[in-house]
Amino acid sequence: MAISHLHRHTSPGPLTVKHFIDSFQRIWLESRPARTGRKHDTHLPRRLGLAISGGADSMALAYLCKQWELTQRQTSNDTVSVTAFVVDHKAREESTREANMVAGWLDDMGLKTQILPLTWPIHSISAFETHARRLRFQALGQACRARNIETLLMGHHQDDNVETTLWRLCTGARGAGLAGIPAVTRIPECHGLFGVAESGSSMTLSKPANHNNHRIKTTNTNELRLTESPPTTTTQDQQKQYQISTGGISITRPLLSFPKRSLLATCKENNIPYVDDPTNFDPTLTPRNAIRSLLAEKKLPRALREESILSLMRKSNSLLRSVTENSNEILERCAVLEFAPDTGCLIIKFPPPSPSKKPTPTETNKDTSSLTLRRITELISPSPENHFPLRSFEPFVSHVFPSSPPPSSSISQERGNTPAKQHSFTLGGVMFQPLRCDSSPPSSPPPSSTTTTTTPDITNYENTYLLTRQPYMRNRLPILPITVPIYPPSSSSSSPSSSSHYPTQHSGNTETSQISISTSDWHLWDNRYWFRVTGTSIPPSSGAGPTSLSLVVRPLQKSDLKGIRMAASKEEMRAVMDRLGRDAPGLVRFTLPMLVLVGDGGSEVPLALPTMEMWMPGAEDTLKSVSCSVRWEWMYKVIDREPLERMRWLKN
C-alpha cells in the first residue's frame, strides 16, 4: 500500500515538472495491480485524462501535465497524450458559461479539452450531491474509455487528505478509514459499465497441470462428500481455461503529497487562471468547511493538527500493511482444491487448529483473520470489493480459523468416529458448506483381509468447505434482458457470420489483452459474469426471419428442470442431470446463469447454461423455428489473483 504521498512536502514554493513526475512515479509503482485491475508496469501510463473543475488544484495539475507532455515530446519518442475533461453539471444557469470559460483556459495552455454536459433525469432528485457524483464519474469514465485512456488524474492534495481523515475520525472510523485518500484506486460509481469499471480486457486462468480432480456428491443424509481422483492426462487444448475480466479506468492522485499552498504558488508563478469559490471557506455551510477553517486558524489541539493527522495516516497505513502481510501468511496455510469460475465454486481447505496450546498472535488477531476471510469470500461473492466491512466477518472467523483443536478431536479420531459436525453458514453473499472428505492416497497400503469396514481418511481434509454464491431470495432473482440483433450470414467480420449454434468463448493470452469489439455489447449479470450474445440468421423455410431476438439471462430454477424433463428424452435428461450432478451439485445449480428465449406473450424457452457451454435439449429446434443461430461469450468478474497464488492454485 502506497504511503510515500503521506510525507510532508516542506518547500512552500511552486511545483516543478520534476516534483510532479517523481510523485506520480512513486505512487504508480507502489499501487497494487489487484486493486486497480491493471497489470504490473514500471512505466507511467502515456494516455492520461484530467478531471478539471477550474479550481487552483486542478488547474495546477493541468499545467504540470502539459509541461510534462511538452518535455516528453522534445526529449523522447515515448510521447505523452493528455486530455482534459470539464464537466458541465447543467445544475445552474451559469454552469455552461463557467465550463466554457475553464475550457478556454485549458485551450490557451494547449491541452486537448472536452466538455462533458450531464443529462439529468426528468423526475425530481432527492439526494442531489450523490446523484451529481454518480453522473459526473460515469461521464468521465465513458469519455476516458472512448479515448483509450488508462487512468484519470485528479487534483486532490495534502490538505484534502488531512481534512478527509479528520472528518472520518470524527465519525468513528478506524483501520482503513484513517489511512487517508487512496493515491490510486478504481473509478467509483461506474459499476456495470464495460470498459470503465473492472472490465475491458481479459486474462486466461487455467486449472493447474497435474492437479487432482475433485468431485462433490450428496449423501442420503444430505451431507456433501468430497472425493478425490488422480489427475487425468490432458493436452493443453483440453485443459479447462476461463476468461477473467481485467482492465477498467483507474483514478490517480499525483498531488496528494503537496499542500494547497504549493499549488497556489504554482498557479501564481506561471500566471495560471483559476476559479476561487468563496463557499468553500464558509465554516457554517458544511462540516468539511468547518474543519478546514479550524485547521487554517490553528484552533484545534496539537493532537488534531495537520502534523498529527499525517502521522496518524502513516501509522494506519503501516498497520494495514502489517495486517495484509499476516493475512498472506494465513493464506499460505490454506489450500485451494478447486476453483471453477464457470459454476462459481471454490473448494478450500482451511488451516487445521494450531497444535500448540497457545495460539499465535496472527491467529488471535481478529482483523487479520477477518481480512483473510473477506479476501477469500470476494473470489466468489456477487458484491463489489470491500462491500462488507471487516466487522461483519469477525463472528465467523472461529468457524474456519480455529485457534486450537477441540479437546475431544484426537480421541474421536482414534476411535474412528466422525469429528464434531460443522455447519453451513452464509457470509458476504457466499454460502460456506462443510465437506465430508474421503481420501485414498496412492501410497496407502491395501486394507487387511480381516477388516470388515473401511473408515474414510478425513484427517488430511478436515476443515474443508465448498464456497458458492448464496441462494437467491424469493422474488429477488437477477434478471438481465438482452435484445440481440440478428445479422445476415454475409455480414462483415464484426458480426458473427457462422450459422453454428455452438458457443465460442473469448480467446486470449495469459497476458492482459484489449478486447477489440464494441464495448456496448457486454452486459454484467449478478455482478459475477459479463455476457455478450450475438445472433445470425439462417435461411427460413418461408418468409423473412426476425431482425432481433429477445433474450433473458436469469438463474436456473427448479421449474426449468421440470419443463426440460417433459420435453427431453430420457437419454438427454440423464445427460443434463449427470453434468449438473458432477459440476454443480445441490443448490449450486440454482445459482447458474441460464440463457432464455422470450417469445410472444412473455413465454420462455430455456436455451443454454452459457458458462458451462451447455445447450438445453430442444434449443436447436427452437432456434431453427425462428430461423436464427445464437452465439455467446462470457467472462468471470475481476478477481484479486494474490489469494489464489498464496493458496497455491496459481503460480506467482
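What follows is a short chat about how some labels for this predicted model come about.

User: What makes a feature count here, and how are residues numbered?

Analyst: It's a predicted model, so local features need pLDDT of at least 70 and side-chain atom pairs 80 or more, while totals for chains, interfaces and linings use all residues. Residues are numbered from 1 along each chain as its sequence is written, and side-chain values use heavy atoms, with hydrogens and water left out.

User: Why is α14 called roughly antiparallel to α15?

Analyst: Helix α14 (residues 558-567) and helix α15 (residues 570-583) pack at about 150 degrees, axes 9 Å apart. Angles run from 0 to 180 degrees between N-to-C directions, and over 145 counts as roughly antiparallel, so α14 gets that label against α15.

User: Which residues make that contact, and what classes are they?

Analyst: Contact means heavy atoms within 4.5 Å. On α14 you've got Leu561, Ile564 and Arg565; on α15, Met573, Met577 and Leu580. Leu, Ile and Met count as nonpolar and Arg as charged, and the tally is five nonpolar, no polar and one charged.

User: What makes a residue buried, and what percentage of the protein is buried?

Analyst: Buried means under 20% relative accessible area with a 1.4 Å probe, protein chains only. Of the 652 residues, 47% are buried.

User: How do you know where the predictor's confidence is under 50?

Analyst: From pLDDT, the predictor's confidence in each residue, from 0 to 100. The mean is 84, and 82% of residues reach 70 or more. Still, pLDDT stays under 50 over residues 440-459, with 12 contacts beyond four places in sequence, and over residues 491-520, with 68 such contacts.

Terms used
Helix = DSSP H or I, 4+ residues; strand = E, 2+ residues; numbered from the N terminus. Parallel < 35°, antiparallel > 145°, perpendicular 65-115°, else oblique. Buried < 20%, exposed > 50% of the residue type's maximum accessible area, 1.4 Å probe, protein only.
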